[in-house]
Amino acid sequence: MQAGLHTGALAENSARELLRLKPADRDACFQLFQTLQLGGGKQHRMLMLLRDLAGRNGCTISDFIDSPVIKEVLEHHEMSTPQKAHSLLQQLQILQSPTLSEAEEQFELWRAQLPLSRNCTIEHSTSFEQDQVTLRVTFENRSGLERALPTINSVLQDPED
C-alpha cells in the first residue's frame, strides 16, 4: 500500500479508509484497485459499495470480492481495464439499489421511444424522488429562442388560465 501511495496508484483518502479494515479486506481491496487501475474517486465509491454489500450479505469484503459477480467481470476477456472498472461499478450499484436501477432502466426505455428533436433532452428528478421530468430545449442563440417562445408558451398554456 505504501508503494501504491508513492506511485499514485492508491489515493490518500482511500488509504485512510483501507487502514480501518481488517488486513485481509484491506489487501483484497487494494489488489482490486490495482487490477482495475482506479482513480481516487472511483476507489472511494467502490470501497463504499463493497463495504455496504458485504455487510448486507453478512460476509467480509474479501469474501465478497471473491464472489462470482466480481470474478465474472474481472475475468471477462473482451473488456479493457477501464471497461471492467465501469462495468463492475455499475454492477455493484445495481446490487446496492435495485429499485433505483430498475427505475432508471424503465425511464431510459421510455425516453428512447419518444420522438425527440436533436436539440431536446429529457431528464428525471434526482433518484426519482419526484415524478417530475424536465424537457430541455437548446437553441442556437437568443433570437432563435425569442422566435420560438410564443409558440412554446401557447402550447404550454395552463388550461385553467
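This is a predicted model: local features need pLDDT of at least 70, side-chain atom pairs count only at pLDDT 80 or more; totals for chains, interfaces and linings use all residues.
Student: At what angle do helix α3 and helix α4 pack, and are they oblique or roughly parallel to each other?

Tutor: Helix α3 covers residues 23-36 and helix α4 covers residues 40-57. Their axes lie 11 Å apart, and the angle between them is about 135°. Angles over 145 degrees would count as roughly antiparallel, and 65 to 115 as roughly perpendicular.

Student: Which residues make the contact between α3 and α4, and how do they divide by class?

Tutor: The crossing of these two helices, α3 and α4, is right-handed. From α3 the contact takes Cys29, Leu32, Phe33 and Leu36, and from α4 it takes Gln43, Met46, Leu47 and Leu50. By class, the residues of the contact of α3 with α4 are seven nonpolar, one polar and no charged.

Student: How does α3 pack against α7, and which residues of α7 does it meet?

Tutor: The axes of α3 and α7 are 8 Å apart, at an angle of about 130°. The two helices α3 and α7 are therefore oblique to each other. The contact of α3 with α7 has four nonpolar, two polar and one charged residues. On the α3 side stand Leu32, Thr35 and Leu36, and the residues they meet in α7 are Thr81, Lys84, Ala85 and Leu88.

Student: Are helix α2 and α4 roughly parallel or oblique to each other?

Tutor: Helix α2 spans residues 12-19, and its axis comes within 8 Å of that of α4. The two axes cross at roughly 25°. Angles under 35 degrees count as roughly parallel. Therefore the relation of α2 to α4 is roughly parallel.

Student: Which residues form the contact of α2 with α4, and how many of them are nonpolar, polar and charged?

Tutor: Helix α2 contributes Ser14, Glu17 and Leu18. Helix α4 contributes Gly40, Gln43, His44, Leu47, Met48 and Arg51. Sorted by class, the residues of the contact of α2 with α4 are three nonpolar, four polar and two charged.

Student: Which element gives the most to the lining of the largest pocket?

Tutor: The largest pocket holds about 240 Å³ of space. Its lining consists of Leu135, Val137, Leu145, Ala148, Leu149, Thr151, Ile152, Val155 and Leu156. With six residues, the element that gives the most is α9.

Student: What classes of residue line the largest pocket?

Tutor: Among the lining residues are Leu135, Ile152 and Thr151. The counts for the lining of the largest pocket are eight nonpolar, one polar and no charged.

Student: Which helix supplies the largest share of the lining of the second largest pocket?

Tutor: The second largest pocket contains about 180 Å³ of space. Of the 10 residues that line it, Arg45, Gln90, Gln93, Ile94 and Glu104 lie nearest its centre. Two or more lining residues come from each of α4, α7 (81-96) and α8 (98-112). The largest share, five residues, belongs to α7.

Student: How many charged residues are in the lining of the second largest pocket?

Tutor: Arg45 and Glu104 are among the lining residues nearest the centre of this pocket. In the whole lining, two residues are nonpolar and four are polar, and the number of charged residues is four.

Key: Residues are numbered from 1 along each chain as its sequence is written. Side-chain values use heavy atoms; hydrogens and water are left out. Axes are lines fitted to C-alpha atoms, for helices over the stretch in contact, and angles run from 0 to 180 degrees between N-to-C directions. Helices (H or I, at least four residues) and strands (E, at least two) are DSSP runs, numbered from the N terminus. A crossing is left-handed if the near helix is turned anticlockwise from the far one by less than a right angle, and right-handed if clockwise. Contact means heavy atoms within 4.5 Å. Ala, Val, Leu, Ile, Met, Phe, Trp, Tyr, Cys and Pro count as nonpolar, Asp, Glu, Lys and Arg as charged, and the others, Gly among them, as polar. On a 1 Å grid over the protein atoms alone, a cavity is a set of points where a 1.4 Å probe fits but cannot get out, and a pocket is an open set with protein on both sides within 12 Å along at least five of seven lines; lining residues have an atom within 4 Å of a point. Grid points are joined across faces, edges and corners, and a volume is the space filled by probe spheres set on the points.
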